[in-house]
Amino acid sequence: MLDIVKLDGRQVTYMLIINLIGEGLLFAPAASFLFAGQDAWISNIVALIGGLASAFFWVSLSRRFPGKTSFEIFEILFGRFFGKIIGFYFAWGWFNFTCDTLREVFSLLSSSFMSRTPLIVFLIMGVILTTYAAYSGLENIARITQIILPLTFGALIVLFVLSTPKMEFSNLLPVLERGFLPVFKGSLAPMFWFCQVIEISILLPFLNRPEKALGISIKAIAFSFLGYELVALGIMAVLGPALCSVTYAPALYSSRIISLGNVVERMEIFIMIIWIASGIVKIAMYQWTIALGSAQMLGLKNYRPLVVPIGILLVSFSVLLHPNIVHLFDFMNFVWGGPYGLLYLLIWPFLFLLYAVVLGKGNDQKA
Amino acid sequence: MIRFKKVFLLIICLLIITMVSGCWDRRELNELAIIMAAGVDITDEGKIELTLQLARPLAFTAGAPAGGALVQKTTWVISGAGDTIYDAQNKIGSEVARQQYWSHCMLMVFSQEVASTKLLEVLNFIYRFPEPRETMSIFVAPGKAKDILNSNSAIESTSAQSLFYTSRSKKSFRVEFAAFTRDFYTPGTNAAAPRVEELNAGKLLGTGTEKPPEHSELAITGTALFKADKFAGYLNPRETYGMSWLKGKTLRRARLTAPGLKDKNKKIAFEAIRNHASIDPVYEGGKIKFFTRIVVEGNIAEQQGEENLLDLENIEKLQESIAGVISEQVREALNKAKDEYGTDVFGFGEAFRRKYKKEWVKYAKNWDEKFSESEIYLDVDVKIRNTGKQTTRPLLQKGDQRS
């Protein structure tokens, strides 16, 4: 064990929720709106099924190998060589997604608020923070989460309530206007975000009562689902399908329309605050995960020396991977929120679990 | 370790300072030219002409001028032409010393020419460019938008504020950019925007030594209707009321005059407080019928005749009389929009699409023609809630009474 902490159930729940809603809550609905239009809320229900399946696969897999993170499990399952290959494949996936998340959080800041500031400045600022957090260890990240998450949900609910005067729920009709296929297509992006419950496979060894892991993941997915539905219903009611589907961050634009008594206006800053705060926590958590996983695979005694290099790589790769916001948007919503991401988070864990069950590896009694 | 942390904290603090101050994007208030209102015209060469009303902070701070002192204009109206709005703004930028700032722009005026030829091209700027707010009001001017902006207000500092407050008071139909674009892009409904004109408003008090100057004030005089992305025609204020009842937009302080019960020439004034409308489409054998129900709540504000308002039956009759006036207004609006311009600005098509999504596919392309053929049934329900300070009018009990 490279980081000796024990987290209680609530901390892990909070971490998972912030992991699921982090920046996805503001970016992912754009993809469901694009395909499913006013039926985005049905897409979320479809996505929920995928998320729950992923949670079940990962938790069952991890529960067969108590006290092991997924990187260690791969080595036990597939032997040292192939286990390491799969481990690096997953570490790369994690790293790639963290780069994209980092880029996503700050490219909206740069496209909507501070267009003259070079993106790299934001990225360096953000990564300095996340590096500090990841260096400080898991427990500190868990505690930040306990502060940030209630604020995030609070701000979300406040914004929802403030937008009610502008809502027209008839915008949500007709249901299933173009059949079920667009709804399914629109469900892939939120499904990918729900499937990020994979983080439980890393956090589980640190959980003080591992037998509660499945309940915790389900609770986390349920809460995030609530957040996603709040956004899908509220924003659709405010903006209408035509406008929802053509913005990068529908939540940001619908919060710009809030105007209450000519005093409560310009609330988009709240969206930006919760976005950056939860995004930073999520990136810190992932940076810690990558460092821990790499250290476990490389056989290091301490993951800390890897944190800073990973931070530097995060900045450079998030600049290198995407030439512009369009590429980023496509990659996030149709590649991650599509075959690439779901292969990682839904198909592989299913196959791994199947492999483990068929070969009878690990401890199959659920104590 | 502790030393490392201290150094780290110091670095973070230094970075936060640069981050918080905004670095490349800092905007100092005294370096901004705040745009109060914007107008779009088309030049003779077919270019887009953008007119901005910029606030002049120096004039705002001058305080009340002493009698006879030169009153400085609080705004600077400046125009520039270009291929796009951004290009036109660029032309203006070469004359304005400060960086133009869109976030406080309260309204945007399109000339009728823009509305009928280039609206689709022009609208995108507001939605794409991060600075302009989606809450800005949209207006259509029959003449030049430039002339609308180049006006003064007798009561507010700038004419932009005056027009914005007039529209915000909901005395007439008003539309925000977000709702406007929503109607503009949503199938089954068309956009509408209030029409603005400069009307003569009498004479302002002069200094005594000279002739009092003529004053004209911006006024909202009806509504401009669109058909798809093209301007279709105007509704007058009375028809605008009719449209608003049907759209269910709340008209705060909408005033109505209805004939009295005893004598048709002695009127009743009614002030609407709340209104609500619902449309129920019925599709039978290729024919579309709409059953609309309009509910209006309000108070009696004035009574010319001598009806006994303490009598509940009279109240009911009055409600019917007012409902008659409302349905008359709605009919007038429908006649204009449906029969004359052939455009559905009321959302009938949307209601139809919501109820009959399969049948809608057939009509989606040419809904406005189909709308002209549909039948519309009205059911207006007026609810009188209050009658002001008085219960009923006292009877004139003098020698020779008037009948």
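**Exercise 1.** Find why the radius of gyration of chain A agrees with that of a compact globule.

Solution. Step 2: for 367 residues, a compact globule would have a radius of gyration near 21 Å. Step 3: chain A has 20 Å, which agrees. Step 4: along the principal axes, the C-alpha atoms of chain A fill a box of roughly 60 × 45 × 35 Å.

The model is predicted: local features need pLDDT of at least 70, side-chain atom pairs count only at pLDDT 80 or more, and totals for chains, interfaces and linings use all residues. Residues are numbered from 1 along each chain as its sequence is written, while chains are lettered from A and ligands numbered from 1 in the order in which they are written.

**Exercise 2.** State how many helices and strands chain A has, and what percentage of its residues is buried.

Solution. Step 1: helices (H or I, at least four residues) and strands (E, at least two) are DSSP runs, numbered from the N terminus. Chain A has 15 helices and 2 strands. Step 2: a residue is buried if 20 or more other C-beta atoms lie within 10 Å of its own, exposed if 12 or fewer, and partly exposed in between, with C-beta atoms placed from the backbone. Buried residues make up 54% of the 367 in chain A.

**Exercise 3.** Describe the side of chain A that touches chain B.

Solution. Step 1: two residues are in contact if their C-beta atoms, placed from the backbone, lie within 7 Å. In chain A, 22 residues are in contact with 20 residues of chain B. Step 2: α5 (119–136), α10 (241–244) and α11 (250–256) of chain A each supply at least two residues of this side. The largest share, 4 residues, comes from α5(A).

**Exercise 4.** Locate A:R266 and B:A228, and decide whether each is buried, partly exposed or exposed.

Solution. Step 1: A:R266 lies in the loop between β2 (264–265) and α12 (268–298) of chain A. A:R266 is not a glycine, yet has a positive phi of about 55 degrees. With 13 C-beta neighbours inside 10 Å, A:R266 counts as partly exposed. Step 2: B:A228 lies in the loop between β8 (214–227) and β9 (230–235) of chain B. B:A228, not a glycine either, has a positive phi of about 55 degrees. B:A228 has 13 C-beta neighbours inside 10 Å, so it counts as partly exposed.

Notes:
Rg over C-alpha atoms; globule rule 2.2 N^0.38 Å.
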